[in-house]
Structures are given as C-alpha cells and as structure tokens.
Amino acid sequence: MSLMDQLFPANHKTTFVVDHTPYFGLASNSHIKMDFTKRPSGGIPPAPIFKSMWTCSIEAVLEYCRIVWDLFPEGKLIRVISSDMQSRTLNNWSSSQQNVNYMLHHLSSLGPPAKLVPNPNRDYSVVYGFRTAAEAMIECTTAQMDQGAKKNNIEVQNKCRTVIITSARDNPSIDNLMSMFHNEMIKSNKYVSQPSSMAINHCHLVIINTYPDSITCEVTDRPSHPISPILDLEVHSIPASKIGIKISNLLLKHYNLASTTVTGIPMKEEQNASSSANYDVEIYHAATAHTTILNANVADAKAVVAKKEGADYETIKLKWCTPRANNNLPDIHSCTTLHRITPVDINSRPSACLITFLLNGRSVLLEMIKQGGGKSMSHVLKSYNGEIYIHTVSSGRTVLEDPPAISEGPGGKVTQYRVADFGIFMKMNLLQPSKRKQTEDKNYIEDAKEKLKKQTAYWPLTTSSTMIYNLKQYTEPMLSLMVKDNISDQEVLNCKQCIYSLIAAESKNEHLITPSLSNPRKMMKKDDQYRSMWAELETFLKSNLYTENHCKVLQCLFECRGKLDEEKIIEKTLMRFKKSLADRPSVIRATTDSPMSPPLTQQTGLKHNIAHKTVPANPNSVMYLQIVQDQDNRRATPPSRPQFAGRLKSIQKRNGNLFAKLYQHIDDDTDNKSAK
C-alpha cells in the first residue's frame, strides 16, 4: 500500500444516501421495547409499536457514524444525504459537523417520510440524492487540501465510498440505479475546479436493498466486483428489521475492526441490589489488537473465537479478571499495542456500567482461557483523559531483556531441545550448487524439498516429548534407516532386529529411561513407559512408508504386538505401491530392455488396441487393405502353436510396447521362507 493509500483510503470519505420516500414509512418487524412498571394486574397489555423502515435505516446509519467517530476522532469523515422529492444534506465534511448531536438536530427538522398516498403530482425517488452524493465526493476535505498545497510532487488520490439504502424491485432495478449513479460520477468529474474540488479516482458503491419483513424480495446479493475503472459495486439484500446487523458487519470490513466480548462481568442486579450476576459486554476496536492471540497456538485461538449470535462476524471472548485496588496495570505490564474502544450496545446497562467503571480511573484485566484449561492475561482496559483504550499485553520477552539462550523457550522456560540431533540433521541435508544443468524432467530443488518433507514427517523438537529417540541403544539403526527413500533386504532385517530387542526388554521387565536423562517420564510406570514407546514407534513407522520394504518393518511391529486388524493398512499400502509401479513402465523399460532389441510389436503376432497418433497418408491403398485383411484372418483363426506365457501376461505400455516381469513369484518364495 502506497503512502497516499494510507493517508486517503476509501474510508476517508463515506457518503450515505438514505431513501426518504413514502415507501420507507411502512412498518418493519422490529418493535419498540417499552416497560410498564406500574401497569395494573390483569390489565390488557398495549399493542406493540413497530419501527418504520426509515427508523430502522437511520438508526443503523447513526450507529455506524457513532462507532466510527468514537474510534477515529480525525481522518474518517461521513456525510448523510436523504432523498425523497429532493435531496437534503444533513452535514458536510467540516469537523464541527462530524458528531452525533449535530446529526440528531438536523434529523429532527427533517421528520418522518410522507404518507404513502398515490399522488401523480409528486415524484419521490432516491435518485435525487445521487447527484448530491457525487458533488460531495468531488469536494476536497481539509486534509486533502493541505496535502495538495504541499509541493512534494505527490498526486493526491480521491478515493471514497458511497452506501445507498433503498428498496428495489429486482436485479435489473439495481443495475439501473448503479448506471445512473455511474453517470452522475462521470458528469461530476467534468466540472472539477481546483483547488476546492478534485476528480473521483475510485468509488466503492454499496447498495443495501431493504424491504418489509412480510414480503419476499427478488434482489440477490452480489460480492464486490468492478464495474468500471472508477467504480466497484457491492449489493446486499436484507429485511428492514436486520439492517442494523448488516451495517455493523460492513462497518468491521470498511475500517478493519474486530469485536471483543468481555465475559463474566460481575454486576449487582437492578431489582435486587443484594445479589449479583455476570454479564457480557461487546466492544469494537482495531483488528490489530487480536494479532497476538490469532498468531499464537491454533488450538487456544479456536477456544476463544466464537461467531456472534445473529450476525455474520466472529468475536473474541475474553474473561473479566477482578482488578486490584490502586494498581496502575498498564505501567506494570509490557504492552505492545494501544487502540480506542467503543461499546456496541451503548444503551444497555452492562455497557454503561463498564464504561463508568473505566472512566472512574479503574483498570480491567482480560484473561484468555486456553483449551487445556489454563489462563493467560492478554489485554488491559484503561481510560486516559476520557478516552478508553485496549492494551495488548506482551506474552513473551521484552526488547529490554537479554536474548534467550538456545536451551530456553518463550518466557525463559528451560526446555530440552534436541540440539545435537538437529546438527546431524542439518549435515545430512546440506545443499550444494549443482554442476549439471537442471533438466526439464527433473527439478533438484523440488527433490530437496520432498526429502526434507519426508525426513521431518515425525521429528520431535525436545527430548522430553519423545521416547524412541532417547532409546538409541535399542532403536538404532532403525531410526536412521527408515527415513531413507529405499532400504535393502538386509536393512529390513536390521530394523526388525531393533523391534525384537525392544520386545525382549519388555519381557525382561527392564527400565527404558536411562538414569542420565532427566525428564518427567522417569516417574512413569513401566507399563505406561512401554505403552507410550510402542505408540510413538508405530507413529514413526507409519510416517515413513515409502516402499514395500518400509511396510515390512511396520508389518513386523504389528505381528509382534498382535495387531492383526492393522494389517489392512499394510495391504492397502502395498496395493498402492504396486499400482504406482505399474503406472511407470517407461522407467522399468530403461533398466530391463536391451537397446539393440527391436520393438515388441514386431516380435509378437498379437494385436493390441493402441491409439495411434499418426494416420496413413492413403488409407484406401492396396497395401493398407491387405494389412487389414491379414489382421482379420489372425483374429478369426487361432495361432498354430501356443503363445509364450510371458507375452500373454505382458503389460501394455504407453508407447505401444509390451513389458513382462521376470521372476514374478520371487516375493512369494521369500515370504514363505521368512514365515517358516
């Protein structure tokens, strides 16, 4: 992202065009909540009062403005335009008019939409606001004028966003609205006069189609897609009662915000002051405040991430930690980020109590509940000069401490890394420049990556997390041989001998862990030690099944452990190897056929159905007809003598030649001898 994109992104100027036609005076499914504390018992409850579509829309817009102005006191400007028989601008780009009180004052003078009465003399439409919105977008803000006045040879980009809230009949009506808005943008760009205005470089148009809950709408949602070099279109269709949720979801995307739900806040009951209950409060802030949590352990991150009920976005749930008195927490803990926050539901009692608590100078710790049941402090809430901020607490070392030693982990915890084994591993995989040129059919870099992938399929980082690597007097040379691409029959016997030695140690009831190794597994019982060792050895062998000989080692382990059901894994793996062997006849041909041998199609009289790539030049020639007749005669009459068995069991290759495997039953004889 360039410097101008950071200074003046699309959310620098946002314009709302809200439909104020009589159709928006219809009632939605969202009713106004009213509490009647002194209602007589047995009385008939009053009928519910439903909000109009205009009320739902303008409340969502005002909440959008409030959240943006709370989190971004400067740099994020919003204008609201209403349209019925004419367009009315409720505010301008001046900072003095970028507040909720100014908007409420002008909305009171605007009033509700007119009654829905057919009148041909009055033309109500949302289109009147398009020209006003285009004229507002070409107006320069104070920041754009200041940047343009600087002589630094940097062109200021005029990027903006327009959100239209209206009601359309179908998709062609949406396309018609988009076309009219696009034409107004092009007209406005022609009447640009420096330095008070500048042409629109790009606009992100969001059309929110809303309708009463009692009807169905034919307008479908559309993701953001380009219409022209200066316009992108995005369409959302939502009932009027849910428009607030939709706009909140768009707000998080437009300004890169995230949601945090503070859970377990103790509060006294409003009706009974002697009792207390736990409440939850949702807050919005910059998304970078969650970077530490999301980049940590994946399992712990999933434990705190939950989907917001009734919405399309996710929220991070952090637990309230009871603060200590006279404890200036941000000064004690090392914090990495600092961002403003604002409550989502500002009118709720839990939100008001939390904000009041923080504005009184108190600090709140937020804990992250891990999947394993542990806790760790992740954030701190504290206010400064009437502004509330969320602090991200550093979970690792600070820059003021000494760098960690290789035997230390995050936070200075001493661990036992396999440093010596890792050094051997690096020497085994040392890369050197190749003297030969890289051919098209062989990529040495990919081969090296594949080799690393195989050797690290199972490679524990610490000695305390493994047993087989600590028992090299039993498991070597099996650990070194199984990671190879191919192992010989003698190496298979060496690997089996390692398994037999472990079986013998278990029968003698010997200790597995050497006294020189200090780790928590010393306190384990012998049965648990062997159970853990066999499970890890099985995982290691399953991670290194590359050839049939590798499978024989795993099969030996299953036979020794009495796992007959697991032999199905071996059978499937062997079938996969044989299938892959049959799919590579060209490689086998290079090692078995003599270079002076003629093609096999000339040595046998059998006809094989091959898809020839070439077609004879004259298929109706006398020679062609004679060849076809001879082939038909051979099919009709059996051969005079029996054909060679190897040719009958041969395999058809891609180039049309035949391939016969010699000594097909040699593997069966070897297995029978080993079984005996």
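Biologist: What share of the 676 residues of the chain counts as buried?

Modeller: In this predicted model, 38% of the 676 residues count as buried, a label that calls for under 20% relative accessible area.

Biologist: What makes the contact of Glu 59 and Lys 51 a salt bridge?

Modeller: Their side chains meet with N to O at 3.0 Å, and a salt bridge requires a Lys or Arg nitrogen within 4 Å of a carboxyl oxygen of Asp or Glu, so the pair qualifies. By this rule the count comes to 15 salt bridges.

Biologist: How do you know that Lys 246 and Asp 312 form a salt bridge, and which parts does the pair tie together?

Modeller: The closest N and O atoms of Lys 246 and Asp 312 are 3.8 Å apart, which is within the 4 Å cut-off. Lys 246 lies in helix α7 and Asp 312 in the loop between β12 and β13, so the pair ties together parts 66 residues apart in sequence. Lys 246 is buried, at 13% relative accessible area, whereas Asp 312, at 54%, counts as exposed, because exposed means over 50%.

Biologist: Which element gives the most to the lining of the second largest pocket?

Modeller: Helix α2 does, with 8 residues, and the lining has 43 residues, with Glu 63 among those nearest the centre of the pocket. Glu 63 is also linked with Arg 66 and Asp 70 in a network of salt bridges.

Technical notes:
Residues are numbered from 1 along each chain as its sequence is written. This is a predicted model: local features need pLDDT of at least 70, side-chain atom pairs count only at pLDDT 80 or more; totals for chains, interfaces and linings use all residues. Side-chain values use heavy atoms; hydrogens and water are left out. Buried means under 20% relative accessible area, exposed over 50%, partly exposed in between (1.4 Å probe, protein chains only). On a 1 Å grid over the protein atoms alone, a cavity is a set of points where a 1.4 Å probe fits but cannot get out, and a pocket is an open set with protein on both sides within 12 Å along at least five of seven lines; lining residues have an atom within 4 Å of a point. Helices (H or I, at least four residues) and strands (E, at least two) are DSSP runs, numbered from the N terminus.
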